[in-house]
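Student: I have a structure to go through. Please show it, and tell me what each label rests on.

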Amino acid sequence: MNDMPSRRTDTTAIPHVTTERKIPSTMCQHQPPCPPAESADRESARLVAHHPEQGWSLLCNGVLLFEDTGELLPDGQIIAPHRPLGTGQVMTAA
Ligand SMILES: [Zn+2]
């Protein structure tokens, strides 16, 4: 008598749960994700708040972007303005 229950090796029945879940440093939900604040490409992150009357914008990666192109990073680092607004002001150092 062979009453052995047939053991099926059905791999699809095995629950494949991936418990590994990386918590991103930003709240970015965009696809593709916005560049992080540490990235040199940080300014291309999406705007999440724009306050032109106060002269600043908040990017998705937590960077505060000021209208003079200065930046305040989430870790408190300050980036000096790097895009001169020079409209007609020509420096004549001669
Ligand atoms: Zn984003």
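Tutor: Start with a term. A nonpolar core is a set of buried Ala, Val, Leu, Ile, Met, Phe, Trp, Tyr and Cys residues joined through C-beta atoms within 7 Å. Buried means 20 or more other C-beta atoms within 10 Å of the residue's own; exposed means 12 or fewer, partly exposed lies in between, and C-beta atoms are placed from the backbone. This is a predicted model, where local features need pLDDT of at least 70, side-chain atom pairs count only at pLDDT 80 or more, and totals for chains, interfaces and linings use all residues. Residues are numbered from 1 along each chain as its sequence is written.

Student: Which residues make up the largest nonpolar core?

Tutor: Seven residues in all: Cys34, Ala37, Ala45, Leu59, Cys60, Val63 and Leu65.

Student: Why is leucine 65 called buried?

Tutor: Leucine 65 has 20 other C-beta atoms within 10 Å. The definition asks for 20 or more, so leucine 65 is buried.

Student: What is leucine 65 in contact with, beyond its neighbours within four places in sequence?

Tutor: Glu43, Trp56, Ser57, Leu59 and Glu71. Contact means that the two C-beta atoms, placed from the backbone, lie within 7 Å.

Student: And which residues does alanine 45 touch, not counting residues up to four places away in sequence?

Tutor: Cys34, Pro35, Leu59, Cys60, Asn61 and Val63.

Student: Where in the fold is leucine 65?

Tutor: In strand E3, residues 64–66. Strands (E, at least two residues) and helices (H or I, at least four) are DSSP runs, numbered from the N terminus.

Student: What makes E2 and E3 a pair?

Tutor: Two strands pair if DSSP finds at least two bridges between them. E2 and E3 have three bridges, so they pair, in the antiparallel sense. Serine 57 stands opposite leucine 65 in E3. In their hairpin, with four residues between the strands, glycine 62 takes a positive phi near 95°.

Student: How many bridges join E1 to E2?

Tutor: Four, and the two strands run antiparallel. Strand E2 covers residues 56–59. Leucine 47 stands opposite leucine 59 in E2. This hairpin also has four residues between the strands, and glycine 55 takes a positive phi near 80°.

Student: How do you know that E4 and E5 pair?

Tutor: Two bridges join them; the definition asks for at least two, so E4 and E5 pair, antiparallel. Leucine 72 has isoleucine 78 in E5 as its bridge partner.

Student: What is the strand order in the sheet?

Tutor: E1-E2-E3-E4-E5, an open sheet of five strands with antiparallel pairing.

Student: Why are E1 and E5 called edge strands?

Tutor: Strand E1 (47–51) and strand E5 (78–79) each pair on one side only.
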